[in-house]
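Subject: Handing over the structure

Hello,

Here is the structure I promised to pass on to you.

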Amino acid sequence: KKGESQVTVLDKAVRFMDVGGLHDVKEAIRMKMVQPFLTPELYDRYGIRAGGGVLLYGPPGCGKTFLGKATAGECQAKLFHVQVADILHTHVGASEQNIRALFDSARQQKPAVLFLDEMDAIGYHRGKASSPWMRGIIDQLLSEMDRASMRADRLLVMGATNMPWDVDPAFHRPGRFEKMVFVGPPDRAARETIFQLKLDGRPVEPLDYAQLAAWTELYSGADIEYVVELATEQVLHDILAKGTERPIRMSDLRESIAATRPTTIEW
Ligand code: ATP
């Protein structure tokens, strides 16, 4: 069954502290989703309506999916990561069935965070929202989202997209993706933190993290992760060729930065 086989359940806990920068984003998710999930009574007492999710948007590789994992980690919930395109099926009615099965299976394994990635796959440009086929799919997803309850089902729904303008406006109504949160390229301080996070635990000489951040303007978190992988591979290559171990140096990282380009530019 196509839709179900694409569901990834991740058990390894990622937490907000593993996400570099994005302080406001983490705070928004904490207030809107994590905290009402953990202490619903508090929200009730103060008359703040809980429920509804956030839609994360922004260039690729800047941590949307990673934030989904971290949200699940903070809630001590399972993460169901779904590419929306994978639940689509050309047979009339089959996508709707996939959507139902997906929500049912998340509910059965509660507490769960259901992360709907690439929400634009059912948007205007790609899917022609006006076609009856697409309308049926959108309506099914909307009704499942309305039915999903943080309280009774212990289910949170999050969405992500690189193309927010393609997401059907019906998804922004109360109880659905009420809040749009921009997940942008890391600023200088965040890049410093991301270098530290990704190099943590590897043998390194004392590194000038501020310099690394200065060299990587417009690099995404994923780009920085790649820079670190590339440098580390190069060092290993060296070690195996020479037969002596050595730490990762500034010069290794500088070279891998020079060999790469920031990917957020094209967004
Ligand atoms: P896409 O739109 O392509 O799905 P995305 O925004 O969902 O991109 P992620 O998959 O979350 O990007 O990021 C890719 C990887 O980059 C993550 O697994 C993570 O290791 C790293 N990464 C990205 N941003 C950060 C960050 N702010 N802090 C730490 N790691 C990050």
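Below is what I found, starting with the whole protein and ending at its surface.

A word on the source: this is a predicted model, in which local features need pLDDT of at least 70 and side-chain atom pairs count only at pLDDT 80 or more, while totals for chains, interfaces and linings use all residues. Residues are numbered from 1 along each chain as its sequence is written, and side-chain values use heavy atoms, with hydrogens and water left out.

**The whole protein**

The protein has 11 helices and six strands (DSSP runs numbered from the N terminus: helices are H or I with at least four residues, strands E with at least two). Its C-alpha atoms fill a box of roughly 60 × 45 × 30 Å along the principal axes. Of its 267 residues, 49% count as buried (under 20% relative accessible area; exposed is over 50%, partly exposed in between, with a 1.4 Å probe and protein chains only).

**The ligand**

Around the ligand there are 17 residues, and the closest are G20, G61, K64, T65 and F66 (a residue counts as near if one of its heavy atoms lies within 4 Å). By class, this shell has seven nonpolar, six polar and four charged residues; here Ala, Val, Leu, Ile, Met, Phe, Trp, Tyr, Cys and Pro are nonpolar, Asp, Glu, Lys and Arg charged, and the others, Gly among them, polar.

A polar backbone atom of C62 is 3.3 Å from a ligand oxygen, a backbone N or O atom of G63 lies 3.1 Å from one, and for F66 the distance is 2.8 Å. On its own the ligand has 620 Å² of accessible area, and the protein covers 83% of that (Shrake-Rupley method with a 1.4 Å probe). The elements that give two or more residues to the shell are α4 (64–75), α8 (188–199) and α10 (221–242).

The structure holds 15 salt bridges (a side-chain nitrogen of Lys or Arg within 4 Å of a carboxyl oxygen of Asp or Glu). One of them joins R202 and E229, at 3.0 Å from N to O. R202 lies in the loop between α8 and α9 (209–214) and E229 in helix α10, so the pair ties together parts that are 27 residues apart in sequence. R202 also has a polar contact of 3.3 Å with the side chain of T232 (N or O atoms within 3.5 Å, one able to donate a hydrogen and the other to accept it; residues adjacent in sequence count only if both atoms are side-chain atoms). T232 sits in helix α10 and is buried because its relative accessible area is 16%, whereas R202 is partly exposed at 25%.

Also in helix α10, K242 and D238 are four residues apart, about one turn of the helix, and form a salt bridge of 3.5 Å. In another salt bridge, D252 meets R246 at 2.8 Å; D252 is buried at 8% relative accessibility, and R246 is buried at 16%. D104, R107, E144, R147 and D153 are linked in a network of salt bridges.

**The surface**

L42, Y46 and I48 make a nonpolar surface patch of about 330 Å² (residues with over 30% relative accessible area and no salt bridge, nonpolar side chains joined within 5 Å). L42 belongs to helix α3 (residues 40–45) and is partly exposed at 36%.

Best wishes

Terms used. Patch = residues over 30% accessible without salt bridge, like charges linked within 9 Å, V, L, I, M, F, W, Y side chains within 5 Å.
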